[in-house]
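Hi there,

Here is the structure I promised to pass on to you. My notes on it follow just below.

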Amino acid sequence: MAIKGQTFKHYPESIKTEAIRLHMVEGWSYREITVHLDIHDKGRIKKWMRKYRECGEESFKDKRGGPFRPETEQERVIRQLQLEVDVLKKWLQILNREVPKRDTTSLMN
């Protein structure tokens, strides 16, 4: 658990893939990789290796902030039209409240 005010070091995808390559292809040890790439925690490389073995290169893609499924053009148009319908309904309610109902019986006499 993070301590209040604690900051974390973020490593870009390129550093992670280079660390994986150095370990798997070149045969470097975790300690050598941490010194070479200036990574503060050798346990971090172990975690990257585990994620790489489980999910491959996709495990390092940054998925923060983006939707899991992009909105299609048809969905966007439907959402826009629904918003317009809601606005028009609200406008109709306001108009019906402001315009007083006429007494139609007085017009007949």
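Glutamate 18 and arginine 21 are three residues apart in helix α1, so about one helical turn separates them. Helices here are DSSP runs of H or I with at least four residues, strands are E runs of at least two, and both are numbered from the N terminus. The two side chains form a salt bridge, with 2.9 Å between the closest N and O atoms; the term stands for a side-chain nitrogen of Lys or Arg within 4 Å of a carboxyl oxygen of Asp or Glu. Glutamate 18 is partly exposed at 24% relative accessibility, and arginine 21 is partly exposed as well, with a relative accessible area of 34%. For these labels, buried is under 20% relative accessible area, exposed is over 50%, and partly exposed lies in between, using a 1.4 Å probe and protein chains only.

Before going on, please keep in mind that this is a predicted model: local features need pLDDT of at least 70 and side-chain atom pairs count only at pLDDT 80 or more, while totals for chains, interfaces and linings use all residues. Residues are numbered from 1 along each chain as its sequence is written, and side-chain values use heavy atoms, with hydrogens and water left out.

Back to the charged pairs. Arginine 21 has a further salt bridge, to glutamate 26, where the closest N and O atoms are 3.1 Å apart. Glutamate 26 is partly exposed, at 44% relative accessibility. A search of the whole structure gives three salt bridges, one of them between arginine 76 and glutamate 73 at 2.6 Å, N to O. That pair sits in helix α4 (residues 73–98), again three residues apart, about one turn of the helix. Arginine 76 counts as partly exposed at 36%, whereas glutamate 73 counts as exposed at 51%. Through shared partners, Glu18, Arg21 and Glu26 are joined into one network.

On the overall layout, the protein chain has five helices and zero strands, in the order α-α-α-α-α along the sequence. Of its 109 residues, 15% are buried. Contact here means heavy atoms within 4.5 Å. Among contacts with a separation of 6 or more, 43% join residues 24 or more positions apart.

Now to the helix packing. Two packed helices are described by the angle between their axes and the distance between the axes. The axes are lines fitted to C-alpha atoms, for helices over the stretch in contact, and angles run from 0 to 180 degrees between N-to-C directions. The axes of α1 and α3 come within 10 Å and cross at roughly 85 degrees, which means that α1 is roughly perpendicular to α3. By angle, under 35 degrees is roughly parallel, over 145 roughly antiparallel, 65 to 115 roughly perpendicular, and the rest oblique. On the α1 side the contact involves Ile15, Lys16, Ala19, Ile20, His23 and Met24, and on the α3 side Trp48, Met49 and Tyr52. By class, this contact of α1 with α3 has seven nonpolar, one polar and one charged residues. Nonpolar covers Ala, Val, Leu, Ile, Met, Phe, Trp, Tyr, Cys and Pro, charged covers Asp, Glu, Lys and Arg, and polar covers the others, Gly among them.

Helix α2 (residues 30–37) and helix α3 (residues 42–55) have axes that come within 9 Å and cross at roughly 110 degrees, so α2 and α3 are roughly perpendicular too. Here Tyr30, Arg31, Ile33 and Thr34 of α2 meet Lys42, Ile45, Lys46 and Met49 of α3. The classes in the contact of α2 with α3 are four nonpolar, one polar and three charged residues.

Which residues make up the largest nonpolar core? There are 12 in all: Tyr11, Ala19, Ile20, Leu22, Tyr30, Ile33, Leu37, Ile39, Ile45, Trp48, Met49 and Phe60. Such a core is a set of buried Ala, Val, Leu, Ile, Met, Phe, Trp, Tyr and Cys residues joined through side-chain atoms within 4.5 Å. Helices α1, α2 and α3 are the elements that give two or more residues to this core. Leaving aside neighbours within four places in sequence, leucine 22 is in contact with Gly27, Trp28, Ile33, His36 and Leu37.

Lastly, a backbone detail: aspartate 38, in the loop between α2 and α3, has a positive phi of about 55 degrees although it is not a glycine.

Best wishes
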